[in-house]
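Colleague: I'd like to learn how to read aromatic pairs and helix packing in a model. Could you walk me through it?

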Amino acid sequence: MSRRYDVTVNFFRYSSQMDDMEEEDFELLDDHNHNSRAVCSPAQVCVDSDSSSSDTCESDALLLSSASRFLMNGMSAEEYRTVYWPKLESAIDQLLTQSPLEHISISYEQIYSHVYKCVCQQHSELLYNDLMWKITCHLERVSSELQASPAECFIENFNVALTQYTAALHCIVPVFIYMNKFYIETKLNRDLRDDLMKLFSDHVAEKHVHTLLPLLQNAHSMPFQVTPSTMASVMKGLYSLRPDWVPLAPALFSRFIPQIHPPALESQLPFYAAQDKKLQLELSQNGFCRGDQSRKRASEES
C-alpha cells in the first residue's frame with residue numbers, strides 16, 4: 001500500500017495525544033482578549049483535593065501547566081514566515097507532485113505538529129491563505145501543461161492530473177485538520193476539502209471542460225480508443241466537481257452517472273418508443289444484426 005494513502009499509525013497516535021490538550025488550548029484562544037484567562041497553578045488545582053485524588057490532581061496540574069507554557073511560547077509572524085511555513089510548503093510540494101506509487105519521505109507527525117502550533121498561536125488565517133495560494137499556483141501550472149497537451153493524450157493527462165490531486169488531498173486534509181476545525185469550519189463556515197476541490201474546478205477543469213467533453217464524446221463513439229476505466233474516472237470526476245456541467249453532454253454523463261435523467265413519464269411513452277425504434281434502425285444500418293427473431297433456438301434442428 002502506498003504511503004500516500006496511508007497517513008501513518010504514528011501520525012494518528014500523535015494526533016490522539018494532541019487531543020488531550022485541545023480543549024484547554026482553544027478555550028484560551030477563543031477568549032476575547034486571548035490572554036485574560038488565567039491558568040491555575042498546580043497548587044491551586046490541588047488546594048481542595050484530598051489525598052486519595054492526588055494522582056489525578058498532579059496529572060491535571062501538569063496538563064494545565066503544559067498548555068500554559070505552550071501558549072505563552074508565542075510565535076511571531078516573522079517566525080511563522082521563516083521557520084514554519086517553509087517546512088509546510090516543502091511538504092505540500094511533495095504531496096502535490098509525487099506519484100501515488102512513489103515513497104514520500106516526509107513526516108506527517110511533524111506537519112501535523114506545525115499546523116497545530118500555528119493555529120494555537122493565532123496564525124490560522126495566514127496559514128489558510130498561504131495554503132490556498134500555494135495550491136492555486138500548482139494548479140495554474142497543471143492547467144498550462146494541459147493546455148500544451150496534444151488532443152490524443154488530453155483525456156489521459158486530465159485523468160492523471162485529477163487522480164494525482166485527489167490522492168494528495170487524502171494526506172493534505174488530515175494534517176491540516178486543526179486549521180479546518182478551528183478556523184475554516186468555525187469562522188468561514190466551509191470545509192477544507194470542499195475549498196481545495198473548488199480550486200481544481202476553477203483553475204483546471206473549468207478552463208478545459210469545453211475541450212474535454214467533445215473529446216470524450218468522440219472517444220465514447222469509438223470503443224476502446226480510451227480505456228473504459230479512464231472514461232468512467234473522468235466523467236465521475238467532472239460530475240463531482242460541478243454537477244451543473246451535465247447539460248453540456250447529458251447523454252454522455254447518463255452513461256456513467258445513474259439517475260441523471262428525470263423519471264420516465266407515462267405521457268412520454270410514444271416518444272421513448274420512437275427513440276428506441278430510431279436506435280434499432282441506426283444499429284441495423286451500421287451492421288449490427290438482430291438475429292433470428294423466431295421462437296426457435298438457433299441450436300435446435302429444424
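This is a predicted model: local features need pLDDT of at least 70, side-chain atom pairs count only at pLDDT 80 or more; totals for chains, interfaces and linings use all residues.

Colleague: Are Tyr112 and Tyr178 buried or exposed?

Modeller: A residue counts as buried under 20% relative accessible area. Tyr112 has 1%, so it is buried, and Tyr178 is buried too, at 4%.

Colleague: And which kind of pair do Tyr128 and Tyr183 form?

Modeller: A tilted one: 5.8 Å between the centres, with 55° between the planes. Planes over 60 degrees apart would count as edge-to-face and those under 30 as stacked, so 55° falls into the tilted class. This pair also links distant parts of the chain, since Tyr128 sits in helix H6 (residues 124-147) and Tyr183 in H8, 55 residues apart. Tyr128 is buried at 7% relative accessibility, and Tyr183 is buried at 12%.

Colleague: Which residues make up the aromatic cluster with Tyr112?

Modeller: Tyr112, Tyr116, Tyr178 and Phe182 form one cluster.

Colleague: Now the helix. How do I read the span of H4?

Modeller: Compare the end-to-end distance with what you'd expect at 1.5 Å a residue. H4 (residues 77-97) has 21 residues and reaches 28 Å from first C-alpha to last, close to the expected 30 Å.

Colleague: Where is the kink in H4?

Modeller: At Trp85, shortly before Pro86, and the kink is about 40°. Trp85 is also among the buried residues of H4, which include Tyr84, Leu88 and Ile92.

Colleague: What do the buried residues of H4 pack against?

Modeller: They pack against H5, H6 and helix H7 (151-175). For H7, look at the axes: they come within 7 Å of the H4 axis and cross at roughly 140°. Angles over 145 degrees would count as roughly antiparallel, so H4 and H7 are oblique to each other.

Colleague: Which residues of H4 and H7 meet?

Modeller: On the H4 side, Ile92, Leu95, Leu96 and Thr97; on the H7 side, Gln164, Tyr165, Ala168, Cys171 and Ile172.

Note on methods:
Residues are numbered from 1 along each chain as its sequence is written. Side-chain values use heavy atoms; hydrogens and water are left out. Buried means under 20% relative accessible area, exposed over 50%, partly exposed in between (1.4 Å probe, protein chains only). Rings of Phe, Tyr and Trp (its six-membered ring) pair if their centres lie within 6.5 Å; planes under 30 degrees apart count as stacked, over 60 as edge-to-face and the rest as tilted. Helices (H or I, at least four residues) and strands (E, at least two) are DSSP runs, numbered from the N terminus. The expected span of a helix is 1.5 Å times one less than its number of residues. The bend at a residue is the angle between axes fitted to the seven residues ending there and the seven starting there. Contact means heavy atoms within 4.5 Å. Axes are lines fitted to C-alpha atoms, for helices over the stretch in contact, and angles run from 0 to 180 degrees between N-to-C directions. Angles under 35 degrees count as roughly parallel, over 145 as roughly antiparallel, 65 to 115 as roughly perpendicular and the rest as oblique.
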